[in-house]
Amino acid sequence: MADPDSNTPGAASCAGTACGACNGTAPPAPTAAPPAGHTYRIATMDCPVEEAEIRRALAPVAGIHALSFQLAARRLTLQAPDAVREQALQAIRQAGFTPEAVGDPAVPGAAHGHDHAAAQGAGIPRLGLALLVALAAEGLAVLLPSAGPLPGMALAAAAIWLAGLDTYAKGLAALRRGRLNINALMTVAVSGAFLIGQWAEAAMVMALYSVAELIEARSVDRARDAIRGLMALAPAQAWVRQPDGGWAAQPAAAVAVGATVRIAPGERVPLDGTVTRGHSSIDQAPVTGESLPAEKAPGDTVFAGTINGSGELECRVTAAAGDTTLARIIHAVEQAQSLRAPTQRFVDRFAAVYTPVVFGLAVAVAALPPLLTGATWQQGLYKALVLLVIACPCALVIATPVSVVSALAAAARRGILIKGGTYLEEARRLKALAFDKTGTLTVGRPRLVDRQVLRGDTAAVLRLAAALAGRSDHPVSQAIAAGLGDGGAGAVERFTALPGRGVQGQIDGSAYVLGNHRLIEERGQCGAGLETLLRGHEAQGRTVTLLADDAGVLAVFAVADTLKPGSRDAVAELVALGVTPVLLSGDNAATAQSIAAQAGIAQAEGNLLPEDKLHAVEALQRRFGMTGMAGDGINDAPALARADIGFAMGGAGTDTAMEAADVVIMTDDLRRIASVVRLSRATHAVLWQNIVFALGVKAVFFGLAVFGGATMWMAVFADMGASLIVVANGLRLLKMDVDPAGRG
């Protein structure tokens, strides 16, 4: 049964060599670059059982550099020299699988030559005929027993041939290698039933099993379709500006970076790019999960697969088709499925022991009753064969991957990229979550939050401040200028920057300064009342700037980074889920405490360097256990890497965020983290519902088989029914509402 080996077959080893890294001798000679990877589609590889069989088949093949499986796409990427690759492909064929070369593996969904859905559909008439022939064999045995055995045997053999060629090929290949998998069990059970004279029942079991496999594959494809549907979001062609200024349709995969594309109203964006002309709103939900359209103007970024609104746009292409944000999302989701969740690893280990044990039990059931109770050998063999049919661990093995695939796809639809089943399942155990401040909890840009005119005409003073602030390129001055708008004051003359303090200049012949607390103290213009006012602002984490003339301070302006919309709700949702929030910031302690209080966070630490944040995360792990970290994926990279689960915020178009974290929230909506926790808990519940149900059905029919109350018909129906039920239960995750606020 399936016990997938995590090691790469044929991996190179330095054992027994004079390797400088191992024993201090001369370093090895430079090695050639590894061979390029080749991708193959294997239509019948749709669950971990088949993956494990292929791994075992390739284990004896020396020289394979790397293997990569993508069960969602039924793909295997093989990295090996040409001679070794041909040897590996032959080993795969001998194991009963048919590898077919696909297009460029860098482009998700690249064409591979023909339509497998149609090919799969072509098997339906064949299976239908097999069922009819099996029913004819059954009817002949019941209604015309006098016809003799030969007609029934012939019909049964024809039905088995029509329905079970693939199963027999895989089963015999597994038996030759001494492996007991699902196909091996069915091959033994059907062959045994035929040999003891149960021809019609053997034919019906094989036909029903093949029909069940087809139905199950179609059901599992619903989960995979959610991922394949992402591939169809980006249009196949784009309108590209030509050298003569005209426009021509070209395949999106052939459009070069730097080209200009035109996007008409209502069309999907073909490639990532930067708007160069036009204004429009774009529905970015397919990539970021945002519920509201985003306004786009020249200089703004657009993503492949998003939907243009009412305005025509021209964009300069910034990423090739295989490197768009959408392509990287699809690639990451496909890769995530190769990282098994803890429950899936448990099931694989359990199944590896379970199947041989059941086979041994079947042998005992066949041999002991005739020896001990006087039952006939035919009765004992029949009970054993029924036991083998019900023992097929298909429902058990399929219970975990279909649930994980469904959950990963559901998260991707919400703009949440989870990079593996491990993180998906482990998020339910989060006990603490550390937040970065700037750009994570807060907007990341200073904004004018308060202004107080201390003397003079309010409108006139504000115009003076706006004029000075508008001449400075300092972020604080720009925030003041943006907050005050166009003051309409006279031109600023003799404008001078005062490094570390502020700016000064003359307006209408009078001198003014716009600067910080230190500058006003140096000018001797701070009194007790003003000091009290400034301390109040600074205690709230605000940056204070003052406007003064020679006579004293005219006005006080408070600038601060503000909470993102939804940050407080996000914290409240996590607290309700039992997760303790903590703020870790590089800003001063007063600012950190102020922002934490606004967000509803009780614990905050300030003045932290990147390595300090890493140590703070380690301390949280010792105190709480499972700890996550939410940051921007750049300055917080050490802490993100050290956390049990790292959440990168605003990953759309950000390579660093896409690579650094375990979970990428494509928007800046912190509330999605709570959605991940809820989805993780829902997935864990569905996984164990499926496992308990599958094992429960097996246990009931084991008892019936041993004590003579089950037939092979009943066994195959029970196995088929259990498989379909666990698949349907796993598919519920595709549409499960894990966001009570209705954010999608």
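Trainee: Which residue in β21 does T442 stand opposite?
Mentor: T442 stands opposite L563. Before we go on, this is a predicted model, where local features need pLDDT of at least 70, side-chain atom pairs count only at pLDDT 80 or more, and totals for chains, interfaces and linings use all residues. Residues are numbered from 1 along each chain as its sequence is written, and side-chain values use heavy atoms, with hydrogens and water left out.

Trainee: OK, and how many bridges do β16 and β21 pair over?
Mentor: There are 8 bridges between β16 and strand β21 (residues 552-563), in the antiparallel sense. Two strands pair if DSSP finds at least two bridges between them. Strands are DSSP runs of E, at least two residues, while helices are H or I runs of at least four, numbered from the N terminus.

Trainee: What's the strand order in that sheet?
Mentor: It's an open sheet of 6 strands, ordered β16-β21-β20-β19-β18-β17, with antiparallel pairing. β16 (442-453) and β17 (492-498) are at the edges with a single partner strand each, so one side of each has no neighbour in the sheet. On average, neighbouring strands here are turned by 20 degrees against each other, direction ignored. For angles, axes are lines fitted to C-alpha atoms, for helices over the stretch in contact, and the values run from 0 to 180 degrees between N-to-C directions.

Trainee: And the sheet with 4 strands, what order is that one in?
Mentor: That open sheet goes β2-β3-β1-β4, with antiparallel pairing. Its edge strands are β2 (66-70) and β4 (99-101), each pairing on one side only. The twist averages 30 degrees from one strand to the next. Inside it, β1 (residues 37-42) and β3 (residues 75-79) pair over 5 bridges, and R41 stands opposite R75.

Trainee: Which helix lies across β1, β3 and β4?
Mentor: Helix α3 (residues 82-94), running at about 15 degrees to β1. Contact here means heavy atoms within 4.5 Å.

Trainee: Switching to side chains, how many salt bridges does a search of the whole structure find?
Mentor: 15. The criterion is a side-chain nitrogen of Lys or Arg within 4 Å of a carboxyl oxygen of Asp or Glu. One of them joins E314 and R241 at 2.7 Å, N to O. The pair links distant parts of the chain, with E314 in strand β13 (residues 313-317) and R241 in strand β5 (residues 237-241), 73 residues apart.

Trainee: Is E314 buried or exposed?
Mentor: E314 is buried, at 8% relative accessibility, and R241 is partly exposed at 39%. Buried means under 20% relative accessible area, exposed over 50%, and partly exposed in between (1.4 Å probe, protein chains only).

Trainee: What does D549 form a salt bridge with?
Mentor: R455, at 2.4 Å, N to O. D549 sits in strand β20 (residues 543-549) and R455 in the loop between β16 and α15 (458-471), 94 residues apart. D549 is buried at 15%, whereas R455 is partly exposed at 32%.

Trainee: Last topic: where is L180?
Mentor: L180 is in the loop between α5 (149-176) and α6 (182-195). L180 is buried, with a relative accessible area of 19%. The C-alpha atoms of L180 and T355 are separated by 6.7 Å, though the two are 175 residues apart along the chain.
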